[in-house]
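Please walk me through this structure, one part at a time.

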Amino acid sequence: MQTYINPSKAEWPELTVRNIPDDPAVAEAVAGIVEEVRRRGDEALREMALRFDGAAVGCLEVSEAEIAEACARVSDEVKAAIGLAKENISKFHEAQRPAEVDIETLPGVRCVQRPVAIDRVGLYIPGGRAPLFSTVLMLACPAKIAGCREIILCTPQSGSHPIAPEILYAASVCGIDKIYRVGGAQAIAAMALGTETIGRVDKIFGPGNRFVTKAKQQLSSVVAIDMPAGPSEVLVMADDSADPVYIAADLLSQAEHGPDSQAILVCDSENIAARVSEEVERLGARLSRADSVSASLSHSRMIVLPTVGEMLDFVNAYAPEHLIISMRDAWEVAAGVRAAGSVFIGNYSPESAGDYASGTNHTLPTGAWARSYSGVNLDSFMRKITYQELTREGLGLIAPTIVTMARAEGLDAHALAVEVRTSKI
């Protein structure tokens, strides 16, 4: 990790850039995959499972017998951990239920807003070396609480490994309706467009690699998606009250996600940066994913800024997915944060807590999208419908305003729709 001492604001744009190269080859490949799924449906999905994952897939849907057999192979310890995490995630998202709005803006003019669940949602759960069964909880729990009528899940099966039993167990305890052994961009295309087996959904959620992310972007014209998302990232703010070992561990926990992940330290002294650098090297030697960690750290940074105000300005410019504040008066510092996916306060709040079991959602905006997107929450699985009812008297009160505005916009029929009513009042 390279260290930058008090960089000027002119240098900040370069220091906030992510390692997300725009690869036209990925976009072209994904467009081809989407078109194949559009034209050939299930046949294309089976062919791509063999081509990309080495899996000869017969029935795309995972059967109840397979789910039961997989659940039996999950250890009691993992089941207990999933149970506690699910309980905390459910508690936090249950508390997010939006209230109905019902108000008279004028006598006889009633306006109502009611939250309504999205009918059909599709969840994408990556497989690979780190099967993210925790993401099943993060997406399925709020979907169930919101009241979505159907929840489906797609996850890849490789030729050498079946779907991780923990994924199937988490899906089972969360009440997922259907599970399909389909991965990659083709899974996103199937959920967006529909095939003979997989029905199209109204909104797609879940992380994935560059191909999955590009598929979500390309198909966002026909299906809603949770948010733009890319490689995971963390930014740690620290002063001399922080423990360098804790900071190093937090940076490494993000780096092990993959070679494109990014870890940033913003601190107020060169001494802290130097001590953290030593601990990153010492602790990193103990980790199993050395290649991913090393590649991630090669484009990660330590930045020394002299004041809390400048540190906050950099944080808001970077807009991190995860922000850890290991500083004195951390809640006061947090009050100045305007752009972050999820914030972790104090020395005993590792980002891992939010990833798994504290209750907040770990599906968060990356790549500076935290400036304009929230992480997944209960509202992500809902839409709000407005209603209005005007009495004769209410319409009479507001009619002059409507007619004046409609005439000023040159929309005579809008004005007429009011005038034909008010002429009879």
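**Strands, sheets and the helices around them**

Strands β4 (residues 120-124) and β5 run parallel and are joined by 5 bridges. Within this pair, Val121 is found opposite Ile151 of β5. This is a predicted model. On to the next pairing of β5: with β6 it is again in the parallel sense, over 3 bridges, and here Ile152 stands opposite Lys178 in β6. Strand β5 (residues 150-154) has 4 of its 5 residues buried, so it is largely enclosed by the rest of the structure.

Arg181 lies in the loop between β6 (178-180) and α8 (184-193). Is this residue buried or exposed? With a relative accessibility of 9%, Arg181 counts as buried, because the cut-off for buried is under 20%. The C-alpha atoms of Arg181 and Cys154 are separated by 6.0 Å, although the two residues are 27 apart along the chain. Apart from its neighbours within four places in sequence, Arg181 is in contact with a set of residues that includes Val57, Cys59, Leu60, Glu61 and Val62, and also Thr155, Gln157 and Ile163.

In α4 (residues 64-72), the buried residues include Ile67, Ala70 and Cys71. Viewed down the axis of α4, its buried residues fall within an arc of 100°, so they line one face of the helix. Ala65 and Ala72 are exposed on the other side of α4. The buried residues of α4 pack against α5 (76-94), α7 (165-174) and β6.

Next comes an open sheet of 3 strands, in the order β2-β3-β14 and with antiparallel pairing. The edges are taken by β2 and β14, each with a single partner strand, so one side of each is left without a neighbour in the sheet. On average, neighbouring strands of this sheet are turned by 20° against each other, direction ignored. Strand β2 (residues 101-106) is joined to the antiparallel strand β3 (residues 109-117) by 5 bridges, and Glu104 stands opposite Arg110 in β3. These two strands form a hairpin with 2 residues between them, in which Gly108 takes a positive phi near 85°. On to the other pairing in the sheet: β3 and strand β14 (residues 382-390) pair in the antiparallel sense over 9 bridges. Here Val109 stands opposite Leu390 in β14, while the bridge partner of Val112 in β14 is Tyr387.

Another open sheet has 6 strands in the order β1-β11-β10-β9-β12-β13, with parallel pairing. At its edges stand β1 (2-5) and β13 (342-345), each with a single partner strand, so one side of each is left without a neighbour in the sheet. Neighbouring strands of this sheet are turned by 15° against each other on average, direction ignored. β1 pairs with strand β11 (residues 301-304) in the parallel sense over 4 bridges, and Tyr4 is opposite Ile303 in β11. Helix α11 packs on the sheet, where it touches β1, β9 (233-238), β10 and β11, and its direction makes about 160° with that of β11. Helix α13 (residues 308-318) lies across β9, β10, β11 and β12 (322-326), running at about 175° to β9.

Helix α11 also meets another helix. The axes of α10 and α11 come within 8 Å and cross at roughly 60°. That angle makes α10 oblique to α11, and α10 passes α11 in a right-handed crossing. Residues of α10 that meet α11 include Pro244, Val245, Ile247 and Leu251, and among their counterparts in α11 are Arg275, Val276, Glu279 and Leu283.

Which residues of helix α12 (residues 290-298) are buried? They are Ser292, Val293, Ser296 and Leu297. These residues cover an arc of only 125° around the axis, which puts them on the same side of α12. Asp291 and Ser298 are exposed on the other side of α12. The buried residues of α12 pack against α10 (244-255), β10 (262-267) and α11 (270-284).

Note on methods: Residues numbered from 1 in each chain as written. Predicted model: local features only at pLDDT ≥ 70, side-chain atom pairs only at ≥ 80, totals over all residues. Heavy atoms only, no water. Buried < 20%, exposed > 50% of the residue type's maximum accessible area, 1.4 Å probe, protein only. Arc of directions from axis to C-beta. Contact = heavy atoms within 4.5 Å. Pairing = 2+ DSSP bridges. Axes fitted to C-alpha atoms, helices over the stretch in contact; angles between N-to-C directions. Parallel < 35°, antiparallel > 145°, perpendicular 65-115°, else oblique. Left-handed = near helix turned anticlockwise from the far one by under 90°.
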